[in-house]
Amino acid sequence: MNIGEAAGASGVSAKMIRYYEETGLIPAAARTPAGYRVYKDTDVHRLRFIRRARDLGFGVAEIGELLDLWNDSARHSAAVKQLAQAHISELQSKIDGLQQMADTLQNLIDCCAGDNRPDCPILSSLEEHTPP
């Protein structure tokens with residue numbers, strides 16, 4: 001199948017398929033005499049795996065590790081679990097950071113009268129806050 005068909009079957013855009021090929025997440029596709037990429041069902045299966053890992057927020061390097069484990073029939077599930085646990089720790093840190101931002105912004109909103117006066121604690125806070 002061509003790249004468009006592989007994209008449709010996997011849910012991964014043609015642009016991302018080319019990127020995953022460049023980064024080595026998928027092997028280089030076979031080529032027709034005219035130079036068009038040709039994909040097999042196994043490539044589509046791998047692309048679906050990658051898409052699902054991306055949906056869960058794994059980065060390219062982590063997906064590479066997951067693919068290595070997926071392809072290793074002698075793997076230990078503990079290695080997969082460890083990788084997933086590390087990822088969830090990263091996700092939780094991001095969630096905590098976003099919650100702190102939301103709390104700060106909510107406090108500023110609560111302090112803002114939202115009337116016709118020009119004074120605005122939201123803008124004042126943005127003006128006063130200096131980067132580390």
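This is a predicted model: local features need pLDDT of at least 70, side-chain atom pairs count only at pLDDT 80 or more; totals for chains, interfaces and linings use all residues.
User: What makes helix 4 and helix 5 roughly antiparallel to each other?

Analyst: The axes of helix 4 and helix 5 (residues 77-111) cross at roughly 160 degrees. Angles over 145 degrees count as roughly antiparallel, and helix 4 and helix 5 are therefore given that description. Their axes come within 10 Å, and the crossing is left-handed.

User: Which residues make the contact of helix 4 with helix 5?

Analyst: Helix 4 contributes E62, E65, L66 and L69. Helix 5 contributes A79, V80, L83, H87 and E90. By class, the residues of this contact divide into 5 nonpolar, 1 polar and 3 charged.

User: Why is helix 1 called roughly perpendicular to helix 2?

Analyst: Helix 1 and helix 2 pack at an angle of about 100 degrees. The range for roughly perpendicular is 65 to 115 degrees, so helix 1 is roughly perpendicular to helix 2. The axes of these two helices are 9 Å apart.

User: Where do helix 1 and helix 2 meet?

Analyst: On the helix 1 side are I3, A6, A7 and S10, and on the helix 2 side are A14, I17 and R18. The residues of this contact divide into 5 nonpolar, 1 polar and 1 charged.

User: What does I17 touch, not counting residues up to four places away in sequence?

Analyst: I17 touches I3, A6, A7, S10, V12, I26, Y39 and L47. I17 is also one of the residues with the most contacts inside the largest nonpolar core. The others named with I17 are Y20, I26, Y39, I50 and I63.

User: How many residues does the largest nonpolar core have, and which elements give two or more residues to this core?

Analyst: The core has 20 residues. Helix 1 (3-10), helix 2 (14-23), helix 3 (41-55) and helix 4 (60-71) each give two or more.

User: Why is V38 called partly exposed?

Analyst: V38 has a relative accessible area of 30%. Buried means under 20% and exposed means over 50%. The value for V38 lies in between, so V38 is partly exposed.

User: Where is V38 placed, and what does V38 touch?

Analyst: V38 is in strand 2 (residues 37-38). Leaving out residues up to four places away in sequence, V38 touches M1, A29, A30, R31, T32 and D43.

User: How far apart are V38 and I3 in sequence and in space?

Analyst: V38 and I3 are 35 residues apart in sequence. In space, they are 6.8 Å apart, C-alpha to C-alpha.

Key
Residues are numbered from 1 along each chain as its sequence is written. Side-chain values use heavy atoms; hydrogens and water are left out. A nonpolar core is a set of buried Ala, Val, Leu, Ile, Met, Phe, Trp, Tyr and Cys residues joined through side-chain atoms within 4.5 Å. Buried means under 20% relative accessible area, exposed over 50%, partly exposed in between (1.4 Å probe, protein chains only). Helices (H or I, at least four residues) and strands (E, at least two) are DSSP runs, numbered from the N terminus. Contact means heavy atoms within 4.5 Å. Axes are lines fitted to C-alpha atoms, for helices over the stretch in contact, and angles run from 0 to 180 degrees between N-to-C directions. Angles under 35 degrees count as roughly parallel, over 145 as roughly antiparallel, 65 to 115 as roughly perpendicular and the rest as oblique. A crossing is left-handed if the near helix is turned anticlockwise from the far one by less than a right angle, and right-handed if clockwise. Ala, Val, Leu, Ile, Met, Phe, Trp, Tyr, Cys and Pro count as nonpolar, Asp, Glu, Lys and Arg as charged, and the others, Gly among them, as polar.
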